[in-house]
Amino acid sequence: MEEVKAYIESGILELYVLGDVTPQERAEVEAMASKHPAIKAELDEIEKSLELYAEANAVEPSEGQRDRILNSLLTNFADDRNFPSIEVKKVDNVVPFDRPKQSNFYKYAFAASLALLLVSIAALISVYRDLQQSNTLVASLQTQSQHFTNRVNFMDHELSIFRDPSFKMLKLKGTPKSPASVLMVAWSPVKRKVMIDMGNASMPANDQAHQYQLWALVGGKPVDLGVFDADTTSKEMKEMKSTALADAFAVTLEPRGGSSSPTMSEMVVVGKF
């Protein structure tokens, strides 16, 4: 049905009725009309409209003008010896043609409609682009707002740790294996919380096969506090496993997932209270 509707709205049917089509187009219209009743009905409606238009606008010539036309015809016929003489009878009325001569009205109307359609499409494309740009801007502002909110929440969380008197701050310094390494640990024995400051950490990047593992030394024995990666893009305080006791903290480089006991030769930083 969409194909039939589009074919009717193309303007080809009006041109067919007016006789302003090529033989190929005429054959196509007739084929479509025989195949689709809707197109045949539309053709009948167009023809009926044109007939009504012709009847409404038909002009009967004056008596003198009609005589001049007939006399001119008689003169032309008399000059042609190939035609026998014909007796012309005077008629009282001129019967109008059923169909008017070809008119450019539908051509102009179709061209104007096409121009208006193109202008409308261009306007819609412009509006769509403006809308897309607005949506992109809104999304960008929302992302920035969310990032700012997360940053504020992170800073507020950090400040709450530094303001909490139950937290002890310990700076783990580099070992001979990695002298430049530094890691800050915040530990609250009362709350049994251990946090590491990833934003200020300075440690060599670990590969995919290894991770850093934090240890608490309790009575000379190492206690696993979890693993982490040396992510230089992270600025957060990372919470590790809890402990209520610790004499010192240390970090070693272990196989990914951690080890049951620290590899002492891979110790990177260490710090005591």
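**Questions on a predicted model**

Student: Which loop holds R192?
Tutor: Helices (H or I, at least four residues) and strands (E, at least two) are DSSP runs, numbered from the N terminus. By that numbering, R192 sits in the loop between β2 and β3.

Student: What is the phi of R192, and is the residue buried, partly exposed or exposed?
Tutor: This is a predicted model, where local features need pLDDT of at least 70, side-chain atom pairs count only at pLDDT 80 or more, and totals for chains, interfaces and linings use all residues. Residues are numbered from 1 along each chain as its sequence is written, and side-chain values use heavy atoms, with hydrogens and water left out. R192 is not a glycine, yet its phi is positive, about 60°. Buried means under 20% relative accessible area, exposed over 50%, partly exposed in between (1.4 Å probe, protein chains only); at 44%, R192 is partly exposed.

Student: In what order do the elements run from the N terminus?
Tutor: The protein has 6 helices and 8 strands. From the N terminus on, the order is α-α-α-α-α-α-β-β-β-β-β-β-β-β.

Student: Which residues have the most contacts inside the largest nonpolar core?
Tutor: A nonpolar core is a set of buried Ala, Val, Leu, Ile, Met, Phe, Trp, Tyr and Cys residues joined through side-chain atoms within 4.5 Å. The largest one has 21 residues. Elements giving it two or more residues include β1 (168-174), β4 (210-218) and β7 (248-255). Those with the most contacts inside this core are L172, L214, F228, F249 and V251.

Student: Which residues does L172 touch, leaving out those up to four places away in sequence?
Tutor: Contact means heavy atoms within 4.5 Å. On that basis, L172 touches S181, V182, L183, V185, L214, F249, A250, V251, V269, V270 and G271.

Student: Why do the buried residues of α1 lie on the same side?
Tutor: In helix α1 (residues 2-9), the buried residues are V4, Y7 and I8. They share a side because they cover an arc (taken from the directions from the helix axis to the C-beta atoms) of only 100°.

Student: Which exposed residues does the opposite face of α1 carry?
Tutor: This face is turned away from the buried side of α1. Its exposed residues are E2, E3 and E9.

Student: What is the phi of G11?
Tutor: G11 follows α1. Its phi is positive, near 95°.
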